[in-house]
Amino acid sequence: MGKVYVFDHPLIQHKLTYIREKSTGTKEFRELVDEVATLMAFEITRDLPLEEVDVETPVCMARSKVLSGKKLGIIPILRAGLGMVDGILKLIPAAKVGHVGLYRDPETLKPIEYYIKLPSDVEERDFIVVDPMLATGGSAIEAINSLKKRGAKSIKFMCLIAAPEGVEEFQKEHPEIDLYIAALDEKLNEKGYIVPGLGDAGDRMFGTK
């Protein structure tokens, strides 16, 4: 079973409070999401493999460590996931970025893929799928189905806020995948919004209604 990591770092929790705050404007909301994504990326990359190289310091030759060249990919779920990409790229600028677009069928309420663009070497990459919210779990589950169908073997999922119901559904469908969450909230309400949550992440990020 994949693990669920809930980040309790003080900086993440502090910034998350202002992301939740109703009066936080679009510009500040976007900046805060970007900053939290960077902080979360620091943790999610903790197990990246290293190799030793020789480096000449001003004093002498030394053996030191560098990343071993593992290929990484960041996959935002459109559209709100876009707000987390630059924050991750600050730490791992060589990562390739793909995109998955989903919409909810008005009758079945199930997510339908309408767009996908991935790096060509899907099977060789470690992917981080990002979306600010994990509510019912439907979009995250379908996005990862889309990656698996195209040969992805190594996937992690990262979000700001999750509901217990969404985590449970996600683990049912993708039991091997680790989840990285900044906050695990109380529940979903009757409209499928996370409580207390932060409202609609896409609308708040892009200034739409």
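**Core packing, cysteines and an exposed lysine**

Leaving aside neighbours within four places in sequence, M40 is in contact with F7, I12, M158, C159, L160, Y180, I181 and A182. These contacts come from a predicted model.

M40 belongs to the largest nonpolar core, which has 37 residues. M40 is among the residues with the most contacts inside this core. Helix α2 gives the most, with eight residues. A second, separate core has 25 residues. Its members include I77, I116, A140 and V167.

The cysteines were examined next. C159, one of the contacts of M40, is buried, with a relative accessibility of 0%. C60 is partly exposed, at a relative accessible area of 42%. A disulfide is a covalent bond between the sulfur atoms of two cysteines. Counting a pair requires sulfur atoms within 2.5 Å. By this rule, the model has zero disulfides.

K65 lies in strand β3 (residues 61-67). K65 counts as exposed because its relative accessible area is 54%, and the cut-off for exposed is over 50%. Residues up to four places away in sequence aside, K65 touches L50, E51 and E52. V55 is 10 residues from K65 along the chain. The C-alpha atoms of K65 and V55 are separated by 9.3 Å.

Notes: Residues numbered from 1 in each chain as written. Predicted model: local features only at pLDDT ≥ 70, side-chain atom pairs only at ≥ 80, totals over all residues. Heavy atoms only, no water. Buried < 20%, exposed > 50% of the residue type's maximum accessible area, 1.4 Å probe, protein only. Core = buried A, V, L, I, M, F, W, Y, C linked by side-chain atoms within 4.5 Å. Helix = DSSP H or I, 4+ residues; strand = E, 2+ residues; numbered from the N terminus. Contact = heavy atoms within 4.5 Å.
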